[in-house]
Amino acid sequence: MFYYDFQVVLQEVPGEISLCFSICGCKLQCKGCHSPYLWKEENGHLLVENDFKNILKKYEGYATCILFMGGEWHKKELISFLKIAKEQNYKTCLYSGLEYISVEISQHLTWLKTGKWNPNLGGLDSKHTNQKFIEVKNKKNLNYLFSKN
């Protein structure tokens with residue numbers, strides 16, 4: 001599985017400092033996508049277990065969550081990285097444009113964002129959005145955490 005970049009992010013998972021990996025090879029290619037460079041698999045760097053573990057170790061005690069922007073199309077590899085993150089006491093999150101994610105993946109997630117980007121409906125901060133930010137364990141919709149009111 002290839003990732004385009006790695007960033008420390010503060011807003012994508014409310015209340016968490018997240019280590020975000022943007023995964024290449026997205027087949028959804030949503031109109032208005034803010035990251036069309038993620039459509040091509042080859043645009044990234046191969047994410048290997050040793051490098052992943054080193055990043056997690058580097059941010060231990062600082063970051064609290066591992067966030068994958070996509071990657072559900074690499075189910076086996078994604079699950080492997082989610083397991084490593086949980087073993088290192090990180091919470092886990094997946095941002096997906098799909099409506100549903102397999103149980104095999106979701107059982108390794110703390111949070112899950114679903115829903116294809118639709119510019120007419122807006123993102124998680126819109127009351128009209130088709131997207132959902134879910135606490136997986138309780139199946140609770142947490143979109144209200146993104147509201148500006």
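# Exercises on a predicted model

Strand 7 and strand 8 (residues 140–141) run antiparallel and are joined by 2 bridges. Strands here are DSSP E runs of at least two residues, helices are H or I runs of at least four, and both are numbered from the N terminus; two strands pair if DSSP finds at least two bridges between them. This is a predicted model, in which local features need pLDDT of at least 70 and side-chain atom pairs count only at pLDDT 80 or more, while totals for chains, interfaces and linings use all residues. Residues are numbered from 1 along each chain as its sequence is written, and side-chain values use heavy atoms, with hydrogens and water left out.

**Exercise 1.** Describe the pairings of strand 7.

*Solution.* Start with strand 6, which is joined to strand 7 by 4 bridges in an antiparallel arrangement. Within this pair, I134 of strand 7 stands opposite L112. Then turn to strand 8, where K140 is the bridge partner of E135. The hairpin of strand 7 and strand 8 has 4 residues between the strands, and K139 has a positive phi near 55° there.

**Exercise 2.** Determine whether T129 is buried or exposed, and list its surroundings.

*Solution.* First locate T129: the loop between strand 6 (111–114) and strand 7 (132–135) holds this residue. Next apply the cut-offs: buried is under 20% relative accessible area, exposed is over 50%, and partly exposed is in between (1.4 Å probe, protein chains only). T129 has 16% relative accessibility and therefore counts as buried. Now look for contacts, meaning heavy atoms within 4.5 Å. Apart from neighbours within four places in sequence, T129 touches L121, G122, G123, L124 and N143. Finally, a polar atom of the T129 side chain lies 2.9 Å from the backbone oxygen of G122.

**Exercise 3.** Describe helix 2 and what covers its buried residues.

*Solution.* Helix 2 covers residues 75–87, 13 residues in total. The expected span is 1.5 Å times one less than the number of residues; helix 2 reaches 18 Å from its first C-alpha to its last, close to the 18 Å expected. Its buried residues include L78, I79, F81 and L82. Their cover includes helix 1 (49–58), strand 4 (65–69), strand 5 (91–95) and helix 3 (103–106). Just after helix 2, N89 has a positive phi of about 65°.

Technical notes
Polar contact = N/O pair within 3.5 Å; in protein donor to acceptor, adjacent residues only side chain to side chain.
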